[in-house]
Amino acid sequence: MASNDPPVDSINPFASPESMVQSHRGKHGDFQISEKKIMGGKSIVLPLLCVTCGEVVREEDELAARVKKKLTWVHPATMLLILLAWPLFLVVALLTQKRCIATYSICSSCCRKRRQLWYWIGLLLAVIVGMVALAIWLETPWPLIGLLIALLALIVI
Ligand SMILES: [Zn+2]
């Protein structure tokens, strides 16, 4: 009769006990999803799925983007220090912040939508600057109506 137990000679009686707690610091790029949050170590490499819509991103898709972004996290309780003294907050935040490099994908249709959004934001900012310059140049407040419309459009986007 065969037994699955290891032989008594191979057990190290001085070995540290195995932990039941799983560490977030796994292999390079590993991550875990816990309560709708992605948790990992210094580096997280997400699979080839769009982070916006969840669509599968093919590596050969030239319009899709593989983004490598440096993220920082400060404990929310640290934000209370802003109320006391913001220089103290800056020091504590710089000393206690956690950093991570996350690599994720954005599909081609979401990239297109993002490019269009930046195009409209740039256009509206140009209109705002133009209206302010026109109001200063003509010394009349009427171009400020266009400025308000552009600001409203910027808020709506
Ligand atoms: Zn997408």
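Mentor: We may. Two strands are said to pair if at least two bridges are found between them. Please keep in mind that this is a predicted model. With that definition, strand β1 (residues 31-34) and strand β2 (residues 37-40) are joined by 4 bridges and run antiparallel. Within this pair, Phe31 has Gly40 of β2 as its bridge partner.

Trainee: How many residues lie between the strands in the hairpin of β1 and β2?

Mentor: There are 2 residues between the strands of that hairpin. Glu35 lies in this loop between β1 and β2. Although Glu35 is not a glycine, its phi is positive, at about 50 degrees.

Trainee: What is the overall pattern of the protein chain, read along the sequence?

Mentor: The pattern is β-β-β-β-α-α-β-α-α, which comes to 4 helices and 5 strands. Of the 157 residues in the protein chain, 5% count as buried.

Trainee: In which order do the 3 strands of the open sheet stand?

Mentor: Let us take the general idea first. Strands of a sheet pair through backbone hydrogen bonds, and the pairing may be parallel or antiparallel. Here the order is β3-β5-β4, and the pairing is mixed. Because β3 and β4 stand at the edges with a single partner strand each, one side of each has no neighbour in the sheet. From one strand to the next, the twist averages 20 degrees.

Trainee: Which strands run parallel, and which run antiparallel to β5?

Mentor: Strand β3 (residues 43-50) runs parallel to strand β5 (residues 98-106), and 4 bridges join them. On that side, Ile44 stands opposite Ala102 of β5. Strand β4 (residues 65-73) runs antiparallel to β5, with 9 bridges between the two.

Trainee: Now to the helices. At what angle do α3 and α4 pack?

Mentor: Helix α3 (residues 108-138) and helix α4 (residues 143-156) pack at an angle of about 160 degrees, and their axes are 8 Å apart. An angle over 145 degrees counts as roughly antiparallel, and α3 and α4 are therefore roughly antiparallel to each other. Their crossing is left-handed. Residues making the contact include Ile121, Leu124 and Ile128 of α3, and Leu147, Ala150 and Leu154 of α4.

Trainee: Which residues does UniProt list for "transmembrane region"?

Mentor: The unreviewed UniProt entry lists residues 73-96, 117-134 and 140-156 under that name. Residues 73-96 are 62% helix and 4% strand, and the end C-alpha atoms lie 9 Å apart. Residues 140-156 are 82% helix and 0% strand, and there the end C-alpha atoms are 27 Å apart.

Notes:
Residues are numbered from 1 along each chain as its sequence is written. This is a predicted model: local features need pLDDT of at least 70, side-chain atom pairs count only at pLDDT 80 or more; totals for chains, interfaces and linings use all residues. A residue is buried if 20 or more other C-beta atoms lie within 10 Å of its own, exposed if 12 or fewer, and partly exposed in between; C-beta atoms are placed from the backbone. UniProt positions are given in the numbering used here, feature names are shortened, and annotations may be inferred rather than shown by experiment. Axes are lines fitted to C-alpha atoms, for helices over the stretch in contact, and angles run from 0 to 180 degrees between N-to-C directions. Angles under 35 degrees count as roughly parallel, over 145 as roughly antiparallel, 65 to 115 as roughly perpendicular and the rest as oblique. A crossing is left-handed if the near helix is turned anticlockwise from the far one by less than a right angle, and right-handed if clockwise. Two residues are in contact if their C-beta atoms, placed from the backbone, lie within 7 Å.
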